[in-house]
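Subject: Structure handover and notes

Hi,

Here is the structure I promised to pass on to you.

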Amino acid sequence: MDALHKHLDEARDWTIAVRRHLHAIPEVAFQEVKTAACVAETLHGLGYAPETGVGGTGVAAVLDTGRPGPCVMFRADMDALPMQEESGLPFASTHPGAAHCCGHDCHTAMLLGTARVLAAVRDRLAGKVLLVFQPAEEVAGGAQAMLEHGLFERHPVDWCFGQHLWPALPLGVVGMKPGNLMAAMSWFEIAINGKGGHGAMPHLCVDALEVGTQVVGALQRIASRQANPLQPTVVTVGRFHAGTALNIISGRAELGGTTRTFDTGVWKSWEKTLDTVVRGVCDSMGATYELAFRPGCPPVINHPEAADIVRAAAAKVVAEAQVVEPEPTMGGEDFSLYQERTRGAFTFIGAGVEGGRPLHNPAIVFPEEALATGVALNCRIAWDLLA
């Protein structure tokens with residue numbers, strides 16, 4: 001344990017430096033070319049032989065001790081958000097229209113820090129560690145792409161673990177909850193076709209904008225009047241475009257959004273439900289529609305044994321009183337796709353500070369002290385399972 005602590009201390013500033021470099025070169029989903037190259041180069045320098053191009057831009061590496069034991073997987077997401085950063089940091093994004101406002105640069109750096117420490121203590125471990133640097137978490141496509149590329153066939157995994165910096169929890173706190181932690185989510189896009197015309201002659205038109213507003217209202221009533229009130233359900237329309245001029249009735253409207261639920265049955269039924277609602281509104285108003293639906297990812301459900309492993313490890317990293325059970329969130333995470341195939345747990349690392357911003361805010365600044373907690377937790381989990 002003294003050796004582990006020594007290497008954790010030595011990795012602290014190194015991990016922060018890696019994070020700052022990654023923060024300055026954010027890349028959105030499936031475009032993480034510079035990021036993946038940095039990850040692969042860093043892993044090479046630590047003595048690993050990384051696999052690149054896994055699922056597109058993903059990177060994977062194995063620490064094989066050469067001794068029998070389980071295979072423990074740790075995953076970090078690499079992609080940034082398509083937004084402009086407003087943090088004012090000296091190492092802010094140098095890529096216009098892309099920013100690490102969800103902390104994925106921190107997650108990647110924490111996993112590289114984990115790789116450094118575990119490589120230094122590999123002689124004390126038995127089994128394998130699979131390090132997974134995943135693309136495209138924000139669009140819920142990266143995990144599926146890596147799995148379809150045969151990740152688990154090449155590397156059968158016994159346990160999987162993931163982390164997310166979480167501003168809703170104070171700095172220094174670790175959040176672990178067995179069972180439902182994050183919601184199943186889906187994406188939808190709807191195009192409504194009406195009949196455009198002059199703003200003074202609505203009787204000759206089918207106003208696609210007006211039909212669209214009725215669709216938005218009807219979608220909200222799914223949660224308020226169709227869903228079980230004891231099962232959290234959210235339908236969010238995040239985009240709505242219609243019209244070109246003040247005196248033209250729009251002949252087309254386009255909108256899109258997400259659905260979220262913890263109920264797997266409801267998650268699987270969303271496409272049919274959305275289609276029924278949109279069809280009913282459009283038929284009643286003389287419009288037609290096109291619905292594009294993508295099922296996203298199932299809920300994050302932490303395996304009880306994996307949750308116990310994390311809680312026990314966290315109690316050794318932070319004070320036991322600082323290990324809490326967080327509230328579930330309607331946010332989604334495609335880490336759930338790994339959990340469908342093996343025992344796993346997803347952890348929230350407290351990153352909340354006074355005056356801090358929420359996730360996906362353009363001015364968010366993550367406290368770098370949280371990185372050491374993430375690295376130490378990963379290494380402690382690996383130590384407990386493989387030492």
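Below is what I found, grouped by region.

Please keep in mind that this is a predicted model.

Helix α3

Let me begin with helix α3, which takes in residues 104-120. Its 17 residues should span 24 Å at 1.5 Å a residue, and the end C-alpha atoms are 25 Å apart, so the length agrees with expectation. Much of this helix is covered, with 14 of its 17 residues buried.

Asp-105 is a residue to look at here, as it sits in α3 and is buried because its relative accessibility is 1%, under the 20% cut-off. Leaving aside residues up to four places away in sequence, Asp-105 touches Arg-19, Leu-22, His-23 and His-100.

How α3 meets α10

Which helix packs against α3 at an angle of about 45°? The partner is helix α10, residues 369-386, and the two axes lie 9 Å apart. On the α3 side, the contact is made by Cys-106, Ala-109, Met-110, Leu-111, Gly-113, Thr-114, Val-117 and Leu-118. From α10 come Ala-370, Leu-371, Gly-374, Val-375, Asn-378, Cys-379 and Ala-382.

Helix α2

Next is α2, covering residues 33-45. This helix has 13 residues and reaches 18 Å from its first C-alpha to its last, close to the 18 Å expected at 1.5 Å a residue. Its buried residues are Thr-35, Ala-36, Cys-38, Val-39, Ala-40, Thr-42 and Leu-43. What covers them includes the helices α1 (2-23) and α3, together with the strands β1 (51-54), β2 (58-64) and β4. After α2 comes Gly-47, which has a positive phi near 95°.

Cysteines

How many disulfides does the structure hold? The count is zero. Take Cys-38 of α2: the closest cysteine sulfur, in Cys-106, is 14 Å from its own sulfur, which is too far for a bond because a disulfide needs the pair within 2.5 Å. Cys-282 is likewise in no disulfide, as the nearest cysteine sulfur, that of Cys-205, is 16 Å away. Both residues are covered: Cys-38 is buried with a relative accessible area of 13%, and Cys-282 counts as buried at 1% relative accessibility.

The loop between β4 and α4

Finally, please look at the loop between β4 (128-134) and α4 (142-148), where Ala-136 is found. Ala-136 is not a glycine, yet its phi is positive, at about 55°. Is this alanine buried or exposed? Ala-136 is buried, because its relative accessible area is 0% and the cut-off is 20%.

Ala-140 lies in the loop between β4 and α4 as well. Its phi is near 55°, again a positive value in a residue other than glycine. At 7% relative accessibility, Ala-140 also counts as buried.

Happy browsing, and do write back with any questions.

Best wishes

Methods
Residues numbered from 1 in each chain as written. Predicted model: local features only at pLDDT ≥ 70, side-chain atom pairs only at ≥ 80, totals over all residues. Heavy atoms only, no water. Helix = DSSP H or I, 4+ residues; strand = E, 2+ residues; numbered from the N terminus. Expected span 1.5 Å × (residues − 1). Buried < 20%, exposed > 50% of the residue type's maximum accessible area, 1.4 Å probe, protein only. Axes fitted to C-alpha atoms, helices over the stretch in contact; angles between N-to-C directions. Contact = heavy atoms within 4.5 Å.
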